[in-house]
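Hello,

Here is the structure I promised to pass on. My notes follow below it.

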Amino acid sequence: MSSAAGTPPEGGGDRPWQSYHTAYTNAKAGMEGVDREKVQKVIYEMSKGSKYFENEQRKETLTKQKIEHLRAQCATLTDNDISHFQKVAEKKMLELEASRDLSKIWLHTDMDAFYAAVETLNDPSLKGKPLAVGSMSMIATASYEARKFGVRAAMPGFIGCKLCPGLVFVRPNFERYTHYSELTRKVFQRYDPNFIATSLDEAYLNITNVCIERGITGEEVATELRAAIHQETGLTCSAGVAPNRMIAKVCSDINKPNGQFILPNDREAVLTFVSTLPIRKIGGIGKVTEQMLCQVLGISTCQEMLQKAAFLCALFSECSADFFLSVGLGLGGTETPEQRQRKSISCERTFAATNDSSLLFEKLANLTENLTDDLQKEGLKGKTLTLKLKTADFEVRTRAVTARGYINSKEDILIYATKLLKAEMPLSLRLMGKWQDNGPISVTTKDGYLVPDAGTGASTYQQDFFVHDESIFISEQRNLVNYSNEAVLNDPVISDGLGGAKLDDVTPSAKVMNTEKLDNLGQLTSHEATASRSKPGQQLWIDGYICSICRFELPPGFEEERQEHSDFHLAESLQQEETTDSKRPISNERYLYFDMPSQINCFLLPFQVTS
């Protein structure tokens with residue numbers, strides 16, 4: 001099977017910036033026409049020689065090995081094998097087609113360059129200027145004027161300046177962003193009281209009932225909703241309307257900014273729409289999976305998923321194949337997901353690498369205080385404390401300890417955290433984080449559900465989850481949300497190599513994990529597999545960026561952070577397997593699963609709670 005055209009040459013040749021680990025995507029709205037190779041070259045030249053660059057090279061080597069492994073598997077398939085898997089694929093497609101539901105109308109709304117737009121609204125003098133919210137260390141979001149130069153979220157600011165010398169920086173103000181997010185959610189409630197907020201600036205709305213009750217079309221609802229948001233906030237948003245959530249999200253990106261796209265609830269219209277759709281446009285298919293499919297099977301569009309269905313069934317797990325075929329058929333979630341309750345709480349900080357032990361323990365104390373404040377504010381307690389560390393060489397370590405009883409005081413938490421950190425000394429760190437959680441968790445009956453956050457659509461508490469450190473910036477796409485809408489979106493999802501644990505980053509104790517499920521080979525798991533948190537191989541990324549375990553959000557572009565997030569859940573699950581005190585009676589006081597996750601480069605993760 002020949003590799004896809006345009007694949008970067010091995011080793012990069014005389015154009016090393018084309019090497020895979022520096023691959024750059026200009027698929028984000030507002031970046032059409034950007035000179036991709038020029039941007040890649042700048043990123044390469046300004047990154048080479050750094051610890052980050054070396055870490056990316058290690059990951060690139062692993063990715064190449066996996067691609068070669070898949071190619072070898074593909075080469076061993078006989079004609080009889082292919083014939084057999086073709087029948088399997090045809091049966092699967094018939095079953096999936098039978099599940100198609102065209103009775104629902106879903107709307108996905110996405111604010112336009114949200115952080116940048118809010119800052120421009122606050123300071124009109126910024127209008128029309130290439131704007132970056134963030135700092136020289138990291139850009140949280142970029143205005144559309146800046147995107148024309150190749151500047152985008154999650155890019156270091158110094159690289160942004162190289163691409164756009166006139167780039168204007170504004171420090172983020174999350175209280176302000178949360179305020180405007182609240183205003184938009186009040187509008188959403190008018191159309192769907194059970195809307196699904198996936199970040200500060202994105203949401204899914206089931207507008208089926210509104211359309212029926214008022215006798216209007218999805219297009220009219222989208223137009224009306226966008227006008228209402230502009231009237232309430234002064235900001236613009238884009239919308240997509242389609243028969244399911246997966247496609248609605250794709251549609252909302254088509255006419256950005258300040259536009260909308262409507263896909264009729266018609267089977268032929270859906271199939272035509274997805275036939276030429278690049279696979280990277282689908283939530284859950286990131287750059288690693290894209291490279292795998294392109295270089296091994298020559299798949300670059302959704303329709304080609306169906307044409308290569310036999311190979312997909314032969315090379316990937318059943319769940320993975322089901323997901324790929326669903327994508328090819330344009331199928332996605334149509335039912336409003338059941339609300340799920342928040343299970344964890346955590347915090348973390350990224351800082352300049354240091355081996356100063358006094359400074360590290362000072363940061364540990366600060367983290368402990370932040371976590372304690374969050375716990376006590378929510379009236380929660382926890383039992384298992386997890387400390388996450390990232391060394392100066394980008395090695396990620398997770399260490400956990402289980403207390404004899406439930407705790408939430410600064411003094412108690414710091415005792416356990418200090419012991420964990422001392423055991424790792426001496427070392428040089430660039431990131432430290434904590435997560436607290438209650439112990440072993442499995443699918444529970446209704447009586448065993450964890451204590452939830454506020455109900456859907458209620459006031460949000462994002463400010464409690466943000467890292468309030470002006471030196472830390474969170475990418476717009478990484479927004480932490482109010483986990484009141486902690487629902488598992490029913491779409492099958494993919495761990496695309498950005499969410500699975502990478503063997504070159506995990507610690508020796510973590511390598512006992514099931515690498516089949518978290519090996520970046522594009523393994524998929526259906527939403528039904530979210531049942532048990534005790535199984536490390538069952539981490540899911542809902543719609544490609546929402547962790548099914550804790551509802552934390554990380555889009556496909558943040559592969560390193562998703563790796564770290566998966567590492568944490570792995571360490572957590574291993575800790576849970578060793579915990580024997582899982583049947584302790586629980587009083588009416590609210591408790592938290594005490595697992596302080598290591599940070600995901602600049603954020604707070606949710607903390608698990610139980611009643």
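In which loop is P426 found? P426 sits in the loop between α17 (410-422) and β12 (429-437). Helices (H or I, at least four residues) and strands (E, at least two) are DSSP runs, numbered from the N terminus.

Before the rest, the ground rules. This is a predicted model, in which local features need pLDDT of at least 70, side-chain atom pairs count only at pLDDT 80 or more, and totals for chains, interfaces and linings use all residues. Residues are numbered from 1 along each chain as its sequence is written, and side-chain values use heavy atoms, with hydrogens and water left out.

Cis peptides

M425 and P426 are joined by a cis peptide bond, with omega at about -5°. Another cis peptide bond joins K256 and P257, where omega is about -5°. P257 is in the loop between α10 and β8 (260-262).

Positive phi

A154 is not a glycine, yet its phi is positive, near 70°. A154 lies in the loop between α5 (144-147) and α6 (157-163). A154 is partly exposed, at 26% relative accessible area. (Buried means under 20% relative accessible area, exposed over 50%, partly exposed in between, with a 1.4 Å probe and protein chains only.) F394 also has a positive phi near 70° without being glycine. Its loop runs between β10 (382-391) and β11 (396-407). F394 is buried, with a relative accessible area of 7%.

The sheet

Three strands form an open sheet in the order β3-β2-β4, with mixed pairing. (Two strands pair if DSSP finds at least two bridges between them.) β3 (139-142) and β4 (168-170) are the edge strands, each pairing on one side only. From one strand to the next, the twist averages 30°. β2 (residues 131-134) pairs with β4 in the parallel sense, over three bridges. There, F169 in β4 is the bridge partner of A132. Helix α4 (residues 114-122) lies across β2, β3 and β4, and runs at about 105° to β2. (Axes are lines fitted to C-alpha atoms, for helices over the stretch in contact, and angles run from 0 to 180 degrees between N-to-C directions.)

The cores

A nonpolar core is a set of buried Ala, Val, Leu, Ile, Met, Phe, Trp, Tyr and Cys residues joined through side-chain atoms within 4.5 Å. The largest one has 46 residues, and I247, I282, M305 and L312 have the most contacts inside it. Helices that each supply at least two residues include α2 (51-75), α3 (79-98), α10 (245-252) and α13 (302-307). α15 gives the largest share, six residues. Domain 1 (79-101 + 270-329) and domain 2 (106-123 + 171-265) both contribute, so this core lies between them. Those domain bounds come from an automatic or database domain assignment.

M305 touches residues including I279, L293, F324 and G328, not counting residues up to four places away in sequence. (Contact means heavy atoms within 4.5 Å.) Apart from this core lies another, of 40 residues, among them Y115, V187, F195 and A222.

A helix pair

α11 and α15 pack at an angle of about 110°, with their axes 7 Å apart. α11 is therefore roughly perpendicular to α15 (65 to 115 degrees; under 35 counts as roughly parallel, over 145 as roughly antiparallel, and the rest as oblique). V270, L271 and V274 of α11 meet V327, G328 and L329 of α15.

Best wishes
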